[in-house]
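Subject: Structure for your review

Dear colleague,

Please find the structure below, together with its sequence. A short account of the findings follows it.

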Amino acid sequence: MRTQVGIVGAGPAGLFLALLLNREGISAVNIDSRSRPDIESTIRAGVLEHWVTELMHELGVGERMLRDGHFHDGITLQWNGERHHVDITELTGGKRVTVYPQHEVLKDLIAARLAQGGEIVFSVGDTKINGADTDTPSISFRRDGTGELETLHCDYVVGADGFHGPGRQAIPRALRTEYQKVYPFGWLGVLVNAPLCWHELIYANQKDGFALLSTRSPDVQRMYVQCDPKDDIAEWSDARIWDELHARLDTGDGWTLTEGEIFQKNIVPLRSFVCEPMQYGRLFIAGDAAHIVPPTGAKGMNLAVADVLVLSRAFIAKYKRNSQLGLDTYSATCLRRIWKGERFSWYMTTMLHRNNTESDFEQRIHFADLDLVRTNISQARSLAENYVGLPFEQFAA
Ligand code: DHB
């Protein structure tokens with residue numbers, strides 16, 4: 001098999017890239033170790049930056065998002081029992097955020113890619129990236145995990161294969177630097193059959209820790225509570241989850257969270273991670289393969305899409321104008337945006353969680369940060385601009 005751009009991964013980074021390249025007549029094949037139903041049902045975060053929704057419309061994959069997404073012009077921050085509305089649309093000159101779950105985005109991308117005749121090979125095993133530092137790179141894999149070894153010959157290889165995939169590992173260890181921060185807390189997430197009970201997302205920092213009220217549809221709500229990342233999910237009975245959610249979200253002025261049946265629970269640890277550089281020879285890595293953010297602020301998928309927008313422009317410059325510059329500067333261009341996403345996710349995370357490894361002094365500083373957002377328009381605008389997505393700088397391509 002042969003293609004111009006071989007992509008390991010059929011998540012948001014890999015699929016957006018294939019669609020962006022197809023628009024310019026550049027061929028690509030995605031392979032993924034997961035099955036299509038697995039990819040389409042894995043629950044992740046669900047907030048899209050403003051420009052991502054515009055890109056989805058441009059690529060012809062925005063229709064369901066427009067119909068089923070929830071459009072918010074603000075978020076609510078809550079601490080010490082008080083609520084504060086951050087008017088994102090007012091602060092950003094008309095932008096808004098869209099709550100539309102990642103697995104729904106993936107369904108739309110996969111359907112569009114297959115409809116245009118694109119190839120996605122699901123459920124592969126034994127994936128290896130070969131000759132990244134040569135002019136003839138390739139990806140080898142086995143269909144359904146056990147089939148014959150096949151080789152996909154390409155001009156370029158993209159590792160859009162998540163944190164645990166082979167993409168990042170194909171950059172020699174001595175040539176990459178990894179930056180990491182592990183937080184001493186995790187998120188317990190639940191899906192609940194219940195009606196909407198607040199018109200926007202609530203991010204709360206209360207005595208017992210962080211909680212987030214989000215939504216999935218008019219009848220299904222998504223909620224998170226801060227927990228110990230080592231907690232066993234069995235220790236979290238439904239009654240305990242509701243006690244914690246009420247303690248952290250209720251305001252004492254009569255407003256109370258609407259309960260419902262909890263039909264899904266999971267615990268995720270929180271960490272920040274960046275790998276530099278994000279390229280080696282003819283290999284480029286994108287999304288979670290190169291960087292992880294803690295979920296607070298929902299930047300993960302948005303950063304992944306930003307990487308491949310930069311990469312697609314670099315490939316287009318190479319194939320259409322034989323310009324190498326965009327490819328040579330891919331990593332540096334992406335990392336400028338990524339570190340701002342890392343900073344924002346770290347800021348939201350540290351400001352909104354209770355961290356018992358920090359002193360009371362530091363906790364007071366976090367309250368001051370929150371009060372600055374309430375009282376200072378520059379701080380509020382900075383939060384809002386980061387939340388809806390920073391503008392793109394001009395690319396050197
Ligand atoms: C959701 C997740 C987030 O991390 C966030 O900041 C907002 C919303 C969600 O899953 O809905």
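A salt bridge is counted here where a side-chain nitrogen of Lys or Arg lies within 4 Å of a carboxyl oxygen of Asp or Glu. By that criterion, a search of the whole structure, which is a predicted model, gives 24 salt bridges.

Two of the salt bridges involve Glu 49. In one, the partner is Lys 299, with the closest N and O atoms 2.9 Å apart. This pair connects distant parts of the chain, 250 residues apart: Glu 49 sits in the loop between β3 and α3, and Lys 299 in the loop between β19 and α9. Glu 49 and Arg 337 form another, at 3.4 Å between the closest N and O atoms; here 288 residues separate the loop residue Glu 49 from Arg 337 in helix α11. Glu 49 is buried, at 4% relative accessible area, Lys 299 is buried at 4%, and Arg 337 is buried too.

Within helix α12, Arg 374 and Asp 371 are three residues apart, about one turn of the helix. Their salt bridge has its closest N and O atoms 2.8 Å apart. Arg 374 is partly exposed at 39%, as is Asp 371 at 29%.

A network of salt bridges links Arg 64, Glu 104, Lys 107 and Asp 108.

Turning to the strands, eight of the eight residues of β15 (residues 220-227) are buried, so this strand is largely enclosed by the rest of the structure. Two residues lie between β14 and β15, which form a hairpin.

Yours sincerely

Methods
Residues numbered from 1 in each chain as written. Predicted model: local features only at pLDDT ≥ 70, side-chain atom pairs only at ≥ 80, totals over all residues. Heavy atoms only, no water. Buried < 20%, exposed > 50% of the residue type's maximum accessible area, 1.4 Å probe, protein only. Helix = DSSP H or I, 4+ residues; strand = E, 2+ residues; numbered from the N terminus. Pairing = 2+ DSSP bridges.
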